[in-house]
Every structure is written in structure tokens, then in C-alpha cells.
Amino acid sequence: MFRLFAHTRCCLQVKWALQRPLRPVPFPAVVQQSSFSTDSVHHPTQTVSSWPKDVGILALEVYFPSQYVDQVELEKYDGVDAGKYTVGLGQKQMGFCAAHEDINSLCLTVVQRLVERSHLSWDSIGRLEVGTETIIDKSKAVKTVLMQLFEDSGNTDIEGIDTTNACYGGTASLFNSADWMESSSWDGRYALVVCGDIAVYATGNARPTGGAGAVAMLVGPDAPLALERGLRGTHMEHVYDFYKPDLASEYPMVDGQLSIQCYFRALDRCYATYRKKIENQWQKAGINKQCTLEDFQFMIFHTPFCKLVQKSLARVLLNDFLSSSKPDTESGIYKGLQDFSNVKLEDTYSSKEVDKAFQKASMELFSQKTQPSLFLSARNGNMYTPSVYGCLASLLAQYSAQQLAGSRIGVFSYGSGLAASMFSLKVSQNSAPGSPLEKLVSSLSDLQARLDSRQCVSPEKFADIMKLREDTHHLVDHTPHGSKEDLFPGTWYLERVDDKNRRKYARKPV
């Protein structure tokens with residue numbers, strides 16, 4: 001069906017910075033720009049060996065707003081008990097957008113940054129897919145807005161479109177892009193996966209769980225973060241835990257307790273399916289063992305709020321405990337858990353006793369495998385579709401290539417309604433200076449500096465900006481409120497909405 005092009009190696013540089021360039025980050029190209037011709041594509045009978053090797057993430061860019069509100073100050077402003085947001089939710093800060101940033105501007109920013117800082121040719125992208133639940137047009141896709149970035153190159157042969165289901169769209173886009181690359185449709189070019197959302201809530205107890213941001217991922221073969229083939233556990237069902245039926249409002253309808261129950265149920269089902277698949281692979285290789293948390297060096301989760309993730313890691317341990325034929329409750333990690341040997345998973349969703357016991361038992365595992373991934377989430381909040389990939393960026397930013405090399409990263413992605421998957425990324429063994437892994441890791445080393453450069457806004461001003469956004473986001477023949485001076489250099493913003501609801505964007509100079 002297809003044969004890989006002969007790979008021509010060239011230096012593509014990734015420079016990640018807020019206002020200044022950093023050292024270049026090269027990674028291998030898929031093909032030369034001049035190779036994009038149907039004359040050079042051959043279609044022999046497909047064999048397993050003809051699949052591109054190690055399809056996965058080559059480069060990753062994160063965008064988050066330049067303004068945030070402090071959660072301690074927000075607790076005081078809202079008149080709630082101290083620690084309700086910071087301890088109960090595990091949140092420190094929350095990023096937010098004024099009215100002159102929308103889903104299109106966020107995605108324009110993150111895509112342009114990735115392509116320019118990677119020194120990619122716009123011609124080298126053959127697929128672009130956007131995962132988002134922030135819908136501002138019931139017909140026109142965000143992807144079509146992004147096509148203006150390709151105009152000068154003349155590249156219009158780009159597959160992919162928007163994918164929507166709550167916070168799951170980014171993962172669906174990643175899967176689709178990898179599947180495209182492993183199919184007869186692949187023409188040798190890169191895929192670009194974009195996840196972006198603005199999470200805003202009406203005044204009340206859900207507002208502190210908001211956030212905003214976008215992630216762009218360059219997908220290709222020979223990746224330092226390879227998707228492990230055949231290892232996806234998926235669970236989908238029909239439920240109204242979180243949904244947005246009012247198309248005139250940015251605010252969702254949320255059943256908080258039901259949503260947490262659905263999240264845990266999906267986690268249980270996805271983990272069970274993932275384990276079954278990896279154990280089947282091991283058996284075929286002559287390995288007879290049970291998959292547990294110990295087989296993942298790191299585990300990252302979709303993060304509505306950080307405390308839920310700590311509970312989720314504990315729940316994975318609960319799954320391991322219940323599936324073990326003879327768990328040692330006298331010593332080790334299961335010590336003292338004998339009273340829970342006969343519980344049923346479906347009876348434990350709201351059990352404080354089970355939750356407390358397994359959080360305690362998994363405390364060290366959480367610290368080692370998951371807590372480092374919450375760095376961005378704790379300081380920016382829930383980004384919806386980019387959430388779990390922001391966790392991936394956080395993880396890469398806090399370890400060296402040598403520490404990450406050869407590890408398996410478990411990934412749990414969840415979108416209300418619901419759609420969920422667990423999959424894994426295998427990190428390259430090559431961590432040498434100049435390797436794709438080393439360059440990817442070093443490119444994210446400025447994440448904390450970028451977060452520290454944001455502007456802290458008072459809760460009073462934050463509330464005013466949110467009210468103004470609520471009152472004006474649907475207006476036509478309108479110039480949105482917000483100053484471009486508040487934005488990071490190189491950020492796209494909504495300049496004008498005309499009398500026919502057409503949106504015009506501009507970019508703040510770098």
C-alpha cells in the first residue's frame with residue numbers, strides 16, 4: 001500500500017522562548033520539501049515492516065494566557081474557607097483570557113510558534129487536526145482559520161479538520177494523525193495536532209476550576225515520544241455529566257459529582273482494557289506477568305483540578321490491588337489494606353474510606369510518577385483538550401533526557417459525555433547531547449520562567465473582565481475589549497468582529 005520515502009536528515013531547529021530565542025533544537029525531517037510529489041510515492045503490498053517506525057511526538061509547544069488570578073486571593077474574594085481552592089482542589093493560580101482572545105487566536109498563536117521555532121517549512125505539513133470544545137461557529141472549523149498561516153507557502157493540500165467531544169478532542173486528533181501516518185494515505189509529511197480551549201464558568205463554586213491554553217504537537221516517525229502500537233484502552237458511553245446545550249453561552253451545564261463518578265468509571269474501564277492488551281503482547285513474547293503501576297515510570301491524567309489526579313492515581317493502585325490474586329497486606333505497598341479485599345469497584349466511587357486509604361498507600365507513587373506533571377495545571381488551571389498534554393509538557397520540563405530515556409509514560413485522557421482512553425508513550429533510549437529527546441526536553445526548560453513572567457490580576461479585576469467577556473462575546477460589529485499590550489509578544493488576538501460576524505485577527509509583534 002505504501003513504502004516509506006528515503007529519509008533525508010536535515011537540521012530543523014526548535015527555539016522555545018517568550019521574548020528571546022534559545023538554542024536550536026534539531027530533529028529529523030520526514031522528507032525533503034521537494035519530495036512532495038505523487039511521482040515519488042510507491043504503493044507495494046503493505047507489510048508490518050513497511051510501517052513507519054516509532055510514530056509519535058517530535059516537538060511540542062504550549063501557549064497559556066499572560067494573565068492569572070491567585071487562588072488564595074480568590075478564596076478571600078469569594079468568601080469561602082481558606083484552602084477550599086488551594087487544598088481542596090489543589091490549585092495555586094488560574095490563567096484566563098480577556099475578550100480579545102478566542103479559540104482561533106489561541107490556536108493561531110501556538111501553531112505559528114511551533115512552526116517558526118522548529119524552523120519547519122509550511123509545506124512539510126500534510127495533516128492538521130484541531131481538538132477543541134470551544135465552539136464559536138457551528139459550521140466553520142478552527143482548522144480553516146489556521147489555514148491563513150499557510151497562504152504564503154501555497155500549501156493547501158492539508159488533511160484533517162476539527163474534532164469535538166469535551167476534553168477528548170485532542171487525543172482523538174492525535175490518534176487520527178498517527179493512524180493517517182501508518183496508512184496508505186500518508187504522503188511522507190508531518191502531522192500537526194492542535195488542542196485548545198478556554199474554560200470559563202459562571203460565578204460560583206465551579207469558576208475556580210477554569211483555565212485556558214493551547215498545545216501543538218508535531219507528529220512524525222522516529223519520534224522521541226513514540227505511541228506504543230496496539231496499546232489503547234478506550235471507554236465510551238452516553239451520559240450528561242458536563243455539556244454545553246446553550247449555544248449562546250460559553251458556560252457549561254455541570255453535574256460535579258456525576259462527572260467525577262464518570263471519570264473514575266472510565267479510568268477503571270480504560271485501565272482494564274489497556275492491561276489486557278499489553279499482557280496479551282507480553283504473552284506472545286513469552287512473558288507471563290500482570291501489568292501494574294510498576295510498569296509505568298510515569299502516569300499522567302486529564303486534570304480538571306489537581307486533587308482529582310491524586311485520587312485517580314490512588315484508584316489505579318486500587319485496581320492493581322483488587323486484580324492481584326494474593327496481595328501482600330502484611331508489608332509493602334498494600335500493607336494494612338486487607339479490609340478492602342472484597343470491595344467492588346463500582347461501589348467505591350464515592351467511598352471516602354477507600355479513597356483515603358489508597359491515597360495514603362499511593363503517596364510515594366504519586367510523588368514519583370504523577371505529581372511533577374501537575375506543575376502547569378496547578379498554576380494555569382484546566383485547559384480542557386490540552387490539559388493532559390500540558391501535563392506531558394510539565395513532566396518533560398522537570399526531568400533530564402537521561403532520567404526520561406527508556407521510560408513508559410501512561411496517559412489517561414477523558415472527555416465528558418463521555419469518551420476516554422488510556423495509552424502509553426515510550427521514550428527513546430537515546431538521550432545523548434543533540435538527540436531528538438535531549439532537544440525536546442531542553443526546549444521546555446523555560447516553562448517556569450514563562451509562567452513567572454505572567455501578570456497577576458486582582459480577583460476584582462478578574463471578575464470585571466469575566467463579566468465583560470460574558471456580556472460581549474456574542475456581539476457583532478464590535479471591537480473586543482482588551483489591550484494587546486497585556487499579551488505576550490507574538491500572540492494573535494481578535495481585532496474586530498464585523499457586521500456579518502466575520503472575525504479579523506492580528507498578531508502582536510515579536
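Val62 is buried, with a relative accessible area of 0%; buried stands for under 20% relative accessible area, exposed for over 50%, and partly exposed for what lies in between, using a 1.4 Å probe and protein chains only. The model is predicted, so local features need pLDDT of at least 70 and side-chain atom pairs count only at pLDDT 80 or more, while totals for chains, interfaces and linings use all residues. Residues are numbered from 1 along each chain as its sequence is written, and side-chain values use heavy atoms, with hydrogens and water left out.

Val62 belongs to strand E1. Strands (E, at least two residues) and helices (H or I, at least four) are DSSP runs numbered from the N terminus. Val110 is 48 residues away from Val62 in sequence, and the two C-alpha atoms are 6.6 Å apart in space.

The whole chain comes next. The protein chain holds 14 helices and 16 strands. Of its 510 residues, 57% count as buried. A compact globule with 510 residues would have a radius of gyration near 24 Å, and the protein chain agrees with this at 23 Å. That radius is taken over C-alpha atoms, and the globule rule is 2.2 Å times the number of residues to the power 0.38. The C-alpha trace spans about 65 × 65 × 40 Å along its principal axes.

How much of the contact count comes from residues 24 or more positions apart? Among contacts in the protein chain with a separation of 6 or more, such pairs account for 74%; contact means heavy atoms within 4.5 Å. The protein chain exposes about 21,200 Å², and carbon and sulfur atoms supply 49% of that area. The 54 positive and 57 negative charges have mean positions 3 Å apart. Lys and Arg count as positive here and Asp and Glu as negative, with His and the chain ends not counted.

Leu494 sits in strand E15, which covers residues 492–497, and is buried, because its relative accessible area is 4%. Asp102 is 392 residues from Leu494 in sequence, yet the C-alpha atoms of the two are 6.9 Å apart in space. Leaving aside residues up to four places away in sequence, Leu494 touches Ala99, His100, Asp102, Ser105, Pro480, Arg503, Lys504 and Tyr505.

His235 lies in strand E8, residues 225–236. Is His235 buried or exposed? Its relative accessible area is 11%, so His235 is buried. The side chains of His235 and Glu237 are joined by a polar contact of 2.7 Å; within protein, a polar contact is a pair of N or O atoms within 3.5 Å, one able to donate a hydrogen and the other to accept it, and residues adjacent in sequence count only if both atoms are side-chain atoms. Beyond four places in sequence, the residues that His235 touches are Ala266, Arg269, Cys270, Leu418, Ala419 and Ala420.

The loop between strand E12 (408–415) and strand E13 (419–427) contains Leu418. The peptide bond that runs from Gly417 to Leu418 is cis, with omega near 0°. Most peptide bonds are trans, and most residues other than glycine have a negative phi.

Asp54 has a positive phi of about 55° although it is not a glycine. Asp54 is found in the segment before strand E1 (56–63), and is partly exposed because its relative accessible area is 36%. His119, also not a glycine, has a positive phi of about 55°. The place of His119 is the loop between helix H2 (103–117) and strand E4 (125–131). With a relative accessible area of 39%, His119 is partly exposed.

Glu73 is part of helix H1, residues 71–78, and counts as partly exposed at 36% relative accessibility. Gln93 is 20 residues from Glu73 in sequence, and their C-alpha atoms are 9.5 Å apart in space. Glu364 is in helix H8, residues 363–369. Glu364 is exposed, since its relative accessible area is 57%. Between the C-alpha atoms of Glu364 and Leu444, which are 80 residues apart along the chain, the separation is 26 Å.

Definitions and conventions
Areas by Shrake-Rupley, 256 points an atom, 1.4 Å probe, with all protein chains shown as cover. Charge placed at Lys NZ, Arg CZ, Asp CG, Glu CD.
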